[in-house]
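Open the structure in your viewer and have the selection tool ready. This tour goes from one stop to the next and says what to select at each.

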Amino acid sequence: MSISKEQTETLKRKIIDVFADVPYPKGVIAPHHCDKCRELRKTFAHKNWKTIDSKILEENYSKMPLFSPEAFQYFLPAFLIYSLDNFNDNDVCEFTIYTLSESEKEIKENPDYWRKYFQNRFESFTLKQINLIHEFLSLVESKEDDNFYLYRESAETGKKIMKEFIEPTLKN
Ligand SMILES: [Zn+2]
């Protein structure tokens, strides 16, 4: 199935609506002590996810795993919207998908570790937000594009992670 502009625009509007009230992180944005994380803290300090410069997302496409859970929840919608605006083979889109998933093999080998990891990562998300991540991953799966071949696998695993690890423990 080819993805229409209307589908990506509809999902974008829902993301803007459903993530609108996520508060700016109270704690530290990237808790690890190293130069890379210090730089990341500086770059994202006091940035609003709704107005953040695309260039910042492009320059930090692989950094989401360094965010604290609350910073991850706050900035994820910016990466999702960038990905939907540029729904093709690019670094931001690719790593946003990877951030929502893990390899099947890894999960099979260390299921308890990954269950805890993902539950911690998505602890404060609401069911509505998780459902939109589901929708995003479904769009990735259904995109007819040879360059999306590897992403489709990640999207499929990501959906399983949402269903099996995260949804049963959501508080909101
Ligand atoms: Zn670090």
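Which hand does the crossing of α4 and α5 have? Keep in mind throughout that the model is a predicted one.

**Stop 1: α4 and α5**

Select residues 69-85, which form helix α4, and residues 91-99, which form helix α5. Their crossing is left-handed. The axes of the two helices are 9 Å apart and the packing angle is about 130°. An angle between 115 and 145 degrees is neither roughly perpendicular nor roughly antiparallel, and α4 and α5 are therefore oblique to each other.

Now show side chains for the contact. On α4, pick Phe79, Leu80, Tyr82 and Ser83; on α5, pick Val92, Cys93 and Thr96. Sorted by type, this contact has five nonpolar residues, two polar ones and no charged ones.

**Stop 2: the buried face of α5**

Stay on α5 and select Val92, Cys93, Thr96, Ile97 and Thr99, which are buried. Turn the view until you look down the axis of α5: the buried residues fall within an arc of 160°, so they line one face of the helix. The general rule for an α-helix is 3.6 residues a turn, so residues three or four places apart point the same way. To see what covers the buried residues of α5, display α3 (54-59), α4, α8 (127-142) and α9, which are included in the cover.

**Stop 3: α1 and α4**

The crossing of α1 with α4 is left-handed.

For the contact, select Thr8, Leu11, Lys12 and Ile15 on α1, then Pro77, Leu80, Ile81 and Leu84 on α4. Six residues of this contact are nonpolar, one is polar and one is charged.

Next, select Arg13, which is in α1. Is Arg13 buried or exposed? Arg13 has 11 C-beta neighbours inside 10 Å and counts as exposed. Draw a distance from the C-alpha of Arg13 to the C-alpha of Ile81: the two residues are 68 apart in sequence and 9.1 Å apart in space.

**Stop 4: α7 and α9**

Select residues 111-121 for helix α7 and residues 149-166 for helix α9. At what angle do their axes cross? The crossing is at roughly 90°, and the axes come within 10 Å. α7 and α9 are therefore roughly perpendicular to each other.

Show Arg115, Phe118 and Gln119 on α7, which meet Ile161, Phe165 and Ile166 on α9. The contact of α7 with α9 is made up of four nonpolar residues, one polar and one charged.

**Stop 5**

Select residues 35-44, helix α2. Lys36 lies in this helix and counts as exposed, with 11 C-beta neighbours inside 10 Å. Draw a C-alpha to C-alpha distance from Lys36 to Glu123: they are 25 Å apart in space and 87 residues apart in sequence.

Then move to His46, in the loop between α2 and α3. His46 is exposed, with 6 other C-beta atoms within 10 Å. What is the phi of His46 near? The value is near 60°, which is positive although the residue is not glycine. In general, most residues other than glycine have a negative phi.

How values were computed:
Residues are numbered from 1 along each chain as its sequence is written. This is a predicted model: local features need pLDDT of at least 70, side-chain atom pairs count only at pLDDT 80 or more; totals for chains, interfaces and linings use all residues. Axes are lines fitted to C-alpha atoms, for helices over the stretch in contact, and angles run from 0 to 180 degrees between N-to-C directions. Helices (H or I, at least four residues) and strands (E, at least two) are DSSP runs, numbered from the N terminus. A crossing is left-handed if the near helix is turned anticlockwise from the far one by less than a right angle, and right-handed if clockwise. Two residues are in contact if their C-beta atoms, placed from the backbone, lie within 7 Å. Ala, Val, Leu, Ile, Met, Phe, Trp, Tyr, Cys and Pro count as nonpolar, Asp, Glu, Lys and Arg as charged, and the others, Gly among them, as polar. Angles under 35 degrees count as roughly parallel, over 145 as roughly antiparallel, 65 to 115 as roughly perpendicular and the rest as oblique. A residue is buried if 20 or more other C-beta atoms lie within 10 Å of its own, exposed if 12 or fewer, and partly exposed in between; C-beta atoms are placed from the backbone. The arc is that of the directions from the helix axis to the C-beta atoms.
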